[in-house]
Structures are given as C-alpha cells and as structure tokens.
Amino acid sequence: MNPTFTVNGRSCSAPADGTATLLDVLRDQLALTGAKRGCNYGVCGTCSVLIDGVLGRACLALAADCAGREIVTVEALDADGTPDPIQQRLVAAGAVQCGFCTPAMVLAARGLLAVNPRPSRAEAAAAISGNICRCSGYGAIVDAIVAAGHD
Amino acid sequence: MTGVAFHRPSRLDDVLALLAADEDARPLAGGQTLVPMLNLDLLAPSAIISLADIGELRGIDRRDDGSVRIGAMETHARIAASAAFAGGQAVIPHAAGQIASPAIRNFGTIGGACAHGDPASDWPAALVAADARIEIAGSSGRRDVAAADFFQDFLTTALQPGELVTGIVVPPLAGRGIHHRFSRVDSDYATVIVACAADIAPDGTCNVVRLAIGACGPHPARSDTAEALLTGRMLEPALIAQAGQMLAEAIDPLDDVRGSAAYRRRILPGLIARALESLR
Amino acid sequence: MTEFGVVGTSAPRLDGIEKATGRAAYVDDMVRPGMLHGAVLRSAYAHALIVSVDVSAALALPGVHCVLTGDDFPHRYGAFVQDEVVLARGRVRYVGEPVAAVAAETPALAREALNLIAVDYEELPAVMTPAEALAPDAPLVHEDFAAYGRRVAVPLPPNVCAVTTIAEGDADAAFADCDVVVEGVYRTQPQVHVYLEPCGALAEADAAGKVTVWSSCQSVFRVQATVAEVLGLPMSRIRAIASKVGGAFGGKSDVTVQPLAALLALRSRRPVKLVLTRDDDFMMMRTRHPAEIWMKTGAMADGRLVARAARITLDGGAYAEDSSAVLGFALLIARGPYRIDHIRLEGQVAYTNRLRAAGFRGYGNPQVTFAGECQIDEIAARLGRDPIDLRLQNAVRAGDDWVGGQRLEACGLVECLERLRDALPPRMPGRGIGVACVAHISGILSTSAIVRVLEDGTVTLSTGAVDLGEGADTVLSQICAETLGVPLDRVNYAVPDTDGSPYNWSTGGSRVTYMVGRAVTAAAGQARDRLFDHAAEMLECAVVDLELRPGGRVGIAGVPGAEVAFRDISARAHWAVGGPIIGNASVMFEGGGFDPKRSAVTGNGIGRLGAFVFGAQAAEIEVDDVTGQIAVRRIWAAHDVGRAINPTAVAGQIAGGVAQGLGYALYEDLCFDGPNPANPTLMDYKVPGAKEMPEIIPIIVEHPEPSGPFGAKGIGEPPLVPVAPAIANALADVRGVRLRQLPLTPERVLDALDAART
C-alpha cells in the first residue's frame, strides 16, 4: 500500500520512511523548492502550502498521512507562465525583499481570497499572522493582499 | 529516521490494539505537536498510527440536553467556526480561535492538544472552565474523566499507556464565555490565560461563575472559594479583586522568558476583572 | 519630483517575480551531482577544555565521507583580533560553539554521525557577563590573548578585546557650567538577527583543487578571503558566489559555515551542502552586542546642549570579530546629531563565555542612541521644552562638522524634524507620543564597478554587491540605466562572483547605494564617454556636441535626425575600431577620520567611513495598565536619503527597519539561564508578526548628497535606530515613567508604573 496524494494536480506517493514530512517530499523528491525550511518545526511559516485548499505547514504534515489530500504549492500559481495576480501585486507593492517568506505569503493570500474575496487590512493581517517576514514590516504585504481583493 | 512503520487503520479497535502491542508506537492526530518533535529528534517512535480515518473521532454535535460532544480529531479551526456552542460554552470556540496561528488551527486537533497536556497551551484552562469531560478509550475499555482531573502536570495527563482521547463533552452552561489570553506577541504561547464561563444577570448579580487560570502552573488552577465568593453576589470591583487575589494565590507559576512568577500573580486579578467585565 | 527617467521611479524589484513564484534559488534549493550533506556539532559547555575527540564511530558509519575537528583548522583568524578558529581547538568558549563537522550521504546520516562523535570535556569556570569577566581574578576567556595578532595595538586589561576613547573640548569643565545635567545607566539586550533563511553554503572542488563556494552571505569577497586564509590557500584558488540571500542584517557579514563546507568538499572530493538548522543557527552564530551605557548630558537653561560623556561596555561574547569596529562606531555616533562641542566618550568590549556578538543593522548605534535620545527628552522635561523644539534648536545642519571634523556636506535633519512635527496629530486621550533622532553613516571601505556594453548595445553591470533583499541589484541597475539613458530592462545585473565581479567590501553599513552607486555612476560614465568618442567619429562631430537620447542612442544636440544607436557603436567597437567598451571605477571614501587638532582618540578601530545620514521618528503608544504591555499605534519615520533612487524600495527599508526596531524595543531578548541560552528557538524568541505592527508612515526627505550618485545615500540601517528611544520617550510622555532598559517588556513597564505610584 503506497498512499497517494496529489501535488499541483499530479499524483505522488509517500516515501517508505514513516517520518518523512510533506516538506521533505516537495523539496527533495519533487524538486519543488518554493516551500522553504526556515525552522522545520512549524513556527516561521516559510513551508506553507495549501492542503485541500486551506493553509497548512508542510513541515508538520507527515507525507504518509497525506493520502487523498490535494496539495498546492506556489509553483502551481504560474504554471501557465503568467504570474498570479497576488504575485504581481506583491512585487508592485514593494512587498518582496529577500523573498524567503514570499511563496508562503502568496499561498496564505490565495487561501484567504478563496473564502474572503475582499478582505480588510485586519483580515489580511490575520491571515498572515503565522508567517514571519523579517524584511518588510508586513505593511506592503497587507497592501498587496487588499489590492488583490479589489482585482 | 528509517524503519518507522506507518499505519492508518479505519477502526478504533485496531488503533487500540496497535498501541497496546507496542509501547513505542505513537498515535498521530493533527501532527502540529507530534511532527515538530519528530523533526527535532525529540521522539523516536517505532510506529506512527494515524487517526485520520477513525470516524468516531469526528463530529461537533449538539445534543438534546444542550451538551456538545467534540470528536478528538476536530480541528481548532472547525471548533472556532462551529455554531453548536451556546451560552457559557462560548469559551470553547473562543479559545479555539486564538490558538497559535491560522495554519496551525487548520490542522491541529483538540484531542491531540489534550493528550499532549502542555499547561502553557490554551485547551486545558478552557476545558476546565467549561467543566468538560474527556472521553478516553483503551484496550481495557472506555472511561471519561473531568478536565480538572485530566490535566495533571507538565505533559502529564490521566491517559494510561495505550489510551487515546476520543472526544470531549462540554455540558450546557448558562450565560456567556470568554477565553482571555495575554501573550507577548499574538502567535506566542500565553503568559497568562483566564478562561471563564459565567452567568451574570443584567443587574450585575453573578448567578454562576467558573474561572480557570492557564499557563500559570503545572495544570489549570481553579478556586472553589473564589467562585463561591462571587456566586449570588453583585459583581463589584472590590469583590472581583478579592476573588482575583484568591486565584493569584492558588496558581503556581514559574519564572520564564514570558514573565516571572511574581508578574503573573500581579496581573492575574486585573485580567480576571477584565474577563468578568466582558461577560456582563 | 523626477527629473530623471529611471532614477526616482519605483521600478519593481528585478528578481521580484522570480521570488514571488518560488523560483529563486537560495543555497538550500541548490543541488550538485553527487552532493553530500554537512552538519555541525555544538559544544555543550560555555567553557571547557577539550580533553579528547573520538570520531572513529562517526567515520565508521556507512554513508559518512568526512569528519573534521579543530585539528583540521590550525589557523587563527579575526578582523581585529586573531582569536578565532573554525572548529574549537583545545577548549570551547561558548555553549553552541562548533566542535566538529561531518559530510554524509543524507542530512539524517550526517546528524546521526554527529551523535557518534565522542567529545570528552573538562569543564572550566565561565564568565557570563561583562561584570563577571571584568572582576578581579576572573577566569580568562582567552588565556593566550597576548600572543594573538591584533590590528589595534593598545594595552588591554584581562578579558577585554577592545578599548576606545574619544574626547573633544573639555567635558568636565563644560559640565560644571551647565544649568541642567542628566545622568543615567542604560542597558540593552542581545538581539538575534533571525534572518528567515538559516546560514548555509554549498562547496565544490574541481580537479585542480579550486573550490567554488555558493553561500548565503553579505560579501563574496569576505568569504573568499577568509576561506582562503583559514585553509591556507591562495585567494585565487577560492571562488565565492552569492546564492539568493534570504535576509542577513549583519549576521552573514563574516563567514558562517563556508570554511566548513569548503574543507569538507576538498577532503571528501564531493560537493558538500551545509545548511544549519534553525536552532543550530540560534546557538552557533551571532547576536547584537548587549550594552551597558553610563551617559551624562549637560545643557544650558536656554536649551543649548553643551556636553556629553559616556562609558560603554559591550559584551562581545567569546570571540572579538567585528567588536572593535562596532565599539568605534558607537562612540563616533554617541554625541548624537547635535552641536555639542564637549565630549568625553569611553568604551570597551568584554569577552564573555557567551555566543559571539557581531554586526547587526545599526552596528552599535541602536545601543548608544537609546541612551542618548532618552537623555535629550530627559533634558527637555527638566527645561520644560518641547522635545522636537529642543532638538531643532541643537540639530546639526549642512556645513557643520561631525565628531572628528568631517564636514556634513548635506544634512536633512531639520527638515526631518519639521516634517515630523507637521505630521503629528494632536494627542489622543490615553496615548503618548515620543520622538527620537538618528545620525548614521552610509559607507565604509572600498568598492568598484564594471560596466560592459555588449555587442547588441545592452549592458552588463558587474559589482560585487550582494543583494540581501534590500534591492541593491535594482537600485544599482537604475543608476546605471540612468547614467546611460537606457531603459532598466537593458541592464543585466551580474551575480556577485569573485571570478567575475570587481571587489566590493560587503553589503552592510548602509553603503551600497552610496558607495557602490558612486562606482557605478563613474563606471557607466566612463562607458558613456567611450560611446561618445565612437559616436563623434561616426557622426563626424565634436564630443561636446553630443547628447544621450532615451533608448540607448547618442545624437548631435539640436539635430534630431543625427544619431547612432548603442548597438551600432558597440558593433563598431567590437569589430572595427578600439575594442569592447568597458567602463570601470574604484572608489574609497576620502573624508572622515579624526583631526588630531580637534579630537583626542585612543584605540580607534575604524577608519574613514562615509556620508552622514539623518532621520527622526515619532512613536504613538498606549499602555495597558493591567499588564504593562505597550501597544504601538503609529510610527512616523522621516529619513533623509539624499535622493530616493527607488522610493518604494526606500519605504520598504524604512518599514522593515522599523519592524526590527520594534522587536528590539519590545519583544526580542536572547536570555541566558546560567551558561545556557534560555530561548534559542523561534518558539520562545519572538519577532514581531503582522498583528504587532503599527501603522508606519514613511516620510522621505531628500537633501542631495554632493558626493552621492544622483545625490543618494543610504537607508538600510537608520530606520531601526530611533524606534526604541521614541517608544521609551512616549512611555514617559503618557505615564511619566522613564525606563532605561531594553526590551521594554510589560513586566518592566509595570514595575516602573508601580514604583511611580509609591
């Protein structure tokens, strides 16, 4: 039995090692390095992915337990060659500095906009409250998310 | 870590049998506590047993008597969004909605959090304030334990080896509820938690009050004398302060990077007053 | 106000889309064929003899290719004191100090191998604070200090690695004449950089023994030089390349794990990637210098600030590193941006058995400015003067001299204060407002740039400047594009690579826009001159008749049809006349230093730095009387940047600097429990999150710096500095209590409120 899950629409199976995380699979097996290993224990948020449409931490998801789940990583958002509006908004707002938090912020925004298409600044800040940014002071990221809501 | 087996049974009895057969096997709920420990090499289980397919562990169900049964595998996010809670039971979704951060709430479970039994976390105080009961299953049978008896010490609960939390039952509670947490920054563990379910009449008379203090000792603190002091009385600042002092004496906090024990005792009465004010 | 085409526009970050789409390659994203994984073993003791290290079991583990210990790194190095080794030799000096390193087939195997290394320690008494270290008969952190090479040779007491003094005028006499004197002791804490990308390097040796090191770093040249030095190889055998850097803030200015990765790669003959875990990074790397500052400021009744004295003790941790420079800079700044003629400033850096202290955004300035700007407010209170007004009265202006005698060619401080004052709303009930100024320096050491016009007329810009996320690549490209009159997308910014890039000291010191920008302007100008030489021949006119036209063309001024495209000029150069068009420039800041007729200086570790930059901030706060917690509602941040090459990027640096300043002011503190760090993890050491952030109102002030590229100078560090004193001043404003210790935790605030009530 090799439980399968999908990553960006493609079927994957978990490795034999029961303790491998989804982050390990994404980065080491699938070469999807947009999800980062900023702490590997669930605080920094740089490993963020969408799991069945909601924001989750790939470093805290055991790959073996992902059977049946649909995983979306940042790489899916410009799969057709055109950056997603939230990605464009983040760049335009000056919210991308070192960029290490950015893929996670993109997915946090996508997860929010899927259930709240026109978030307020407070709602946008709450959506990224579990994602650390050390460069930008968060204001420009919130600006971008609110602007994307008006797109 | 190679050689760690992974199981995902679909029946609770199979989970219990696996746990009974191997004392180094660990159940996996939402993973938000277990997996960081694996990543940090703090745990080396022989096997991991996922609870994801155990239907009995799911559901947030309001029963005819007004109690609410929460399956152990329900996430903090689902509990926070649930309309099943009424009256003083509001302390439960209010607590759930403040745990950690959105992604943790999306996958962390109430059963996993209870089984871990970290006195700095949010559930213990909320469940004690709500007079909740913890449902437990093991290969020797089922039982349930009052929350106040369940959370015993730092990472120590009433669970015996091989036992699982299967659900939490919150009794009907009159009035309103609040989970008031004070922390350094929003996503941090709390420095002090005041969980409260109380029925306060419009004129300020306190009919019923339940106060549990979290993050201030090895298990949540509650004071019968403080609650008795307030019950049936008009809630005036001096009285509330007196009750607050009793609770400040009842807690047993440590000095840590979030604050000294003395600081926690000092701010507790004010936080209790704030919590009660909001429940009028 | 944009009289330029590219400079002054908020051009999007060159690699913005690459980063936002998750395609940017940080070192942990890189893979090389046959790559091994490295891991590092930490010391468990703050001070201990290493009796023995047995690596045999680790080496015997299948999949382990190489194990290194202190024996493999005999060379001592250090920018000011050669006190440091890559892996501990003979003794360990802080909990977390690297003791051994392994390279193995997988990260898990590497960690397993670490567990098999048996280190036998004999514990020694440790000194955990400067007070302990400086006590008589204290155990020595470096017993062999006298034998170490040192850049600044002054006699030093035991457990001290640097002493510096600066005096001007006659402070003692001046204090005696003052109408108001305030005096106090201020304490600041160790702040951790918490760059989001942990330190890492990937090293690979070729068949000839040349080692290429990709790493998350602030300077490929510093990596090259230090790796070469510690491996005993010529620099020409080391090639250092910057991968994308996920934040640095000073913590990656010195080498981190590059020497380890390089030697593991050489010995194992395989590429080796070594990326620290977050907690290894917390425990092994560096913090900001904690400080204890005694300060005294004197003023006259009419508000003139007359004298300042300070004694500063910095805790440098176990190794000196850049401490001497941090101390020197702190003292240079300690006077504050005011016309104070009489100063007596003394400082020392103590060794302790703690995690090393290093440069961190501000570089000594946040510590001294916390003390200094609190004292300005204390004086204002004693004199019954408005804090902004008192600062305006005393503020330095263009044409004034700084400590040492450097003339301020441009100074926008007065405008910063005035615009701040205009922006501030009336006090809301229950809220306090506090103000603080900052002076900083943009610059330090040398740099260079090369501009090449390619065969098709597009341009490649090579500087050694590593972008840490602040936008160096974009801003420098804008400067180059502006100088040549081409659109930004015609400029290719080359990845910093010691094989191809000309030398740049580092990205730090708020220096890139100013120093590297000057080099880029000059190099692009030289390229433009060559283009003009060709065009004059091609158009048969004099060079003076020519002008640049948008889109990469050169034409005869006033004659619209007479022009020639860069492409055609470059083709001519490549194939017919003169050879490829290459502009290059080298820059070293020429001002600064100390005029001996003015300043008495001893033990100074810093040289000529750069152009001064100024700013002023205000913080609006509320205080929770139950918990003592400070909530910051708004921060106004006015900063003089000379010229904003990219306004959005400037605003981003302001916001990010303020956020780190907020963490420094309120939340961040690496605490120690005896010899051990008490909270060396992200679970217990908290940086501000989105919900902690106040509204930040940036105010960009532009007083063009004559020597700067298009008048620009730096912004990287200054925004962090005024936040803590502004908040402390706001606390005094709203509650009448004066706190002199950072961070301003709820507990400390409550203690102060309680004390004030009794």
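Buried residues make up 63% of the 758 residues in chain C. Buried here means 20 or more other C-beta atoms within 10 Å of the residue's own; 12 or fewer is exposed, in between is partly exposed, and C-beta atoms are placed from the backbone. This is a predicted model, where local features need pLDDT of at least 70, side-chain atom pairs count only at pLDDT 80 or more, and totals for chains, interfaces and linings use all residues. Residues are numbered from 1 along each chain as its sequence is written, with chains lettered from A and ligands numbered from 1 in the order in which they are written.

On confidence, pLDDT is the predictor's confidence in each residue, from 0 to 100. Chain C averages 97, and 100% of its residues score at least 70. The model has ipTM 0.98 and pTM 0.98.

Next, the fold of chain C. It has 18 helices and 29 strands; these are DSSP runs numbered from the N terminus, helices being H or I with at least four residues and strands E with at least two. The C-alpha trace spans about 85 × 75 × 50 Å along its principal axes.

Now the core. A nonpolar core is a set of buried Ala, Val, Leu, Ile, Met, Phe, Trp, Tyr and Cys residues joined through C-beta atoms within 7 Å. In the largest one, of 416 residues, C196(B), V102(C), A261(C), L264(C) and I727(C) touch the most other members. Helix α14 (residues 512-539) of chain C contributes the most to this core, 13 residues. Two residues are in contact if their C-beta atoms, placed from the backbone, lie within 7 Å. Beyond its neighbours within four places in sequence, C196(B) has contacts that include V91(B), A129(B) and R210(B).

Where chains A and B meet, 23 residues of chain A and 26 residues of chain B take part. On the chain A side, the largest share, four residues, is from strand β4 (residues 54-57).

Last, some backbone details. Most residues other than glycine have a negative phi, and most peptide bonds are trans. Which residues does a cis peptide bond join? L742(C) and P743(C), with omega about -5 degrees. P743(C) sits in the loop between α17 (723-735) and α18 (746-757) of chain C.

D52(A), not a glycine, has a positive phi of about 50 degrees. D52(A) counts as partly exposed because it has 13 C-beta neighbours inside 10 Å. Y363(C) also has a positive phi, near 60 degrees. With 30 C-beta neighbours inside 10 Å, Y363(C) is buried.
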